[in-house]
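The structure comes first, then the notes.

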Amino acid sequence: MRYEIIIQWIIDLIMFFILYCIVAINLNFLYGYTGIPHFGISLSVAGGGYVAGALTGRILRWIYNVYPQLDFMYENSKITNEINRHLIHDPFVGIGIFIFIIVVSLLLNAGLGYIVSRPAIRLRGSYLIIVLIGMAEAVRIIGLNYYPLVGGTFWVHVPDLFIWMGDFRTVGYLIISAFIALCIFLLLQAMSTSPLARVLRAVRENPTSAECVGKDVIGIRTKVIVLCSALTSISGVLYAFYIQAVLATAYTRAAWTFYPWLMMMVGGVGNNTGTMIGALIFITVRRIIIYYKHNIEAYVPFQVQWLEQILIGLALLIIIMFHPQGLIPEKPTKMRGLNYENIRKKLESVGIKLPKR
Amino acid sequence: MVPPIIRDALVYANAVTLMSIGFTLIFLISRIPNFAVSTFAVVGVYCTFSMVRLLHLSPYIAMPLGFIFGALLAIVIYIGVIDPLIKHGAGPILLTISLLAIQQIFIAGVEIYADYVRNVLGEYSRGFMLRANDFHIGNVPGVLIVSTAVILVVIVSMHLILKRTQFGIAMRATVENEPLAAILGINVKMVSIVSWFITGGLAGLAGTFLPLWFQSGTTSGAMLATSVFASSVVGGLSNIYGAMLGGYLISLIEVLGSYFLMKKIGLWIGSYRMLIPLTFMSIFLMFEPGGLSSFIDKVITSYRRRKIMRRMQHEI
């Protein structure tokens, strides 16, 4: 029994690490490389969750023609159970729908990212922060109040697309999620070591001079927001299929904006490895706190989650005040397409001598 | 005499305006969006709650208390976190994250207080409304009269402080150019401390009014926050008069607009009320990124220019 709990604890840890890793490295790409203070990153996660919650069940009900006379939201668990019974024998439909939902979520959230970036992308940092926080709040309010989307303040069950894996399901899903997260990581890593990253850093450090050399600063910022909104939404989709439900109340500012920011700050801004280490540390600490929470609960006259919130806030403040560059500070990365040796030789051939490093 | 919806709108507008004056003031002095402003309001809310429910006193005794608690909290935040961070050379982003962290901490603190009151003192401490403890003159509730009086006093005194006193001039100089003001001998740190004090105090004061008219609890701050951000941004974040105008404009649009829409379209639209200020802000920003104050500036400048042109034509 004890053994099983530990296994479950580790699986939970890895899964949440994967989910938060996706959000945090996207955030790092947004803020660390491009300098967009995206304080509304939770809206993309929520967007992904809403797509998974609202579409998966409805499409599968249409495919299998399950209880067409019932209301989808009110008889949700009944319909989902029936769909799951069909899915046991249908691995291809499961995988197909999974891929379809991810593609739809990418497209819809790219659009959402474009819309939310519009009002303030031209304005300076603080305005952008306020508008993005407001937008994240707006998406959350819509999810909480528009009942047909994901069941408002209740929740909606999501059919288990990997139920055909049987006992292997949890681990199998973990492997699939890890693979997707790895793809996202490799994509962003490739982009951040390519010549493109130089443009992004130029936009971050000095937008005016970037504009002077002919770079479309607003366009680049918009593209980065659109790309990262789309990629971040995958985290929401994976989360929804992991817990097999979508709760609109789960996408709070604390959980999906503040914590990823904290991970990025802990690990080091402007470098993906650091961000991942930050995410790992944060998730481990948080999982341990959650695991031992009930032991403390008996001794204090309030809920322990507030204590947890205070501790996390204090930890962030201490990091910001005493170690603002994070565990691994940003380094000048070697870029593909830029051969320092060649540049040095060329300069030396025309008579300019460079100091040796 | 006064229709209920107008009372709603005015009480709400008074609270939002008090907070957005503070929000704009901090933005002017320290260049950071102070998200902790809603936390100060929650402190005010619980001051009134404690006065009425725990000590069985008049809710208006909580007003000075709310002001003092909010102001002290703001000063603690400034001296404890913001000032050291600025000394270390932190930019607006780091300061914003630290303010979010502070907000998390203080909200958790208030939640612990609410839990304590409920579990130990046995008083229901979330989602309360204290309208019954207010006084009435005719059918006008006391909170409307008092909050309107308070906001008039605040606006007049802010105007007098900024325009007539030496400290106000120092404050305006700091806003315009901080290093230059410091060179001229202005104590910039003192100016910052006072502006944080005023912000915290005003937000705490705004919080003390809320439970007398609206259902309040630990989440009241978050509910007000979007309106406060929207009104400050619409006001222009460039002077406190803009914040006053923006505060009234946004909250009247929010309350009256949602009332009108609920009447015309259906009651369900009431739950999307928080989207109204955000939508208005987004549309407004696209057309007038400088906010109301720059809009008014433009109107005045063009009027003056036209007047001068006319006079010149006349003279020629």
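In chain A, helix α2 (residues 42-64) and helix α4 (residues 91-117) cross at roughly 140 degrees, and their axes come within 9 Å. This is a predicted model. A helix pair in chain B and the interface between the chains follow.

**α2 and α4 of chain A**
- α2(A) and α4(A) are therefore oblique to each other.
- Their crossing is right-handed.
- On α2(A), the contact residues include L43(A), G47(A), V51(A), L55(A) and I59(A).
- On α4(A), they include V93(A), I97(A), I101(A), V104(A) and L108(A).
- The residues of this contact are 14 nonpolar, seven polar and no charged.

**α2 and α8 of chain B**
- Helix α2 (residues 37-54) and helix α8 (residues 188-213) of chain B have axes 6 Å apart and pack at an angle of about 50 degrees.
- α2(B) and α8(B) are therefore oblique to each other.
- The crossing of α2(B) and α8(B) is right-handed.
- Among the residues of α2(B) that meet α8(B) are F40(B), V43(B), C47(B) and F49(B).
- Among their partners in α8(B) are T199(B), A203(B), L210(B) and P211(B).
- This contact divides into 14 nonpolar, seven polar and no charged residues.

**Interface of chains A and B**
- Contact involves 32 residues of chain A and 42 residues of chain B.
- On the chain A side, α5 (125-145), α11 (253-267) and α13 (304-322) each supply at least two residues.
- α5(A) gives the largest share of that side, 11 residues.
- The side of chain A that touches chain B has 24 nonpolar, seven polar and one charged residues.

Methods: Residues numbered from 1 in each chain as written. Chains lettered and ligands numbered in written order. Predicted model: local features only at pLDDT ≥ 70, side-chain atom pairs only at ≥ 80, totals over all residues. Contact = placed C-beta atoms within 7 Å. Helix = DSSP H or I, 4+ residues; strand = E, 2+ residues; numbered from the N terminus. Nonpolar A, V, L, I, M, F, W, Y, C, P; charged D, E, K, R; others polar. Axes fitted to C-alpha atoms, helices over the stretch in contact; angles between N-to-C directions. Parallel < 35°, antiparallel > 145°, perpendicular 65-115°, else oblique. Left-handed = near helix turned anticlockwise from the far one by under 90°.
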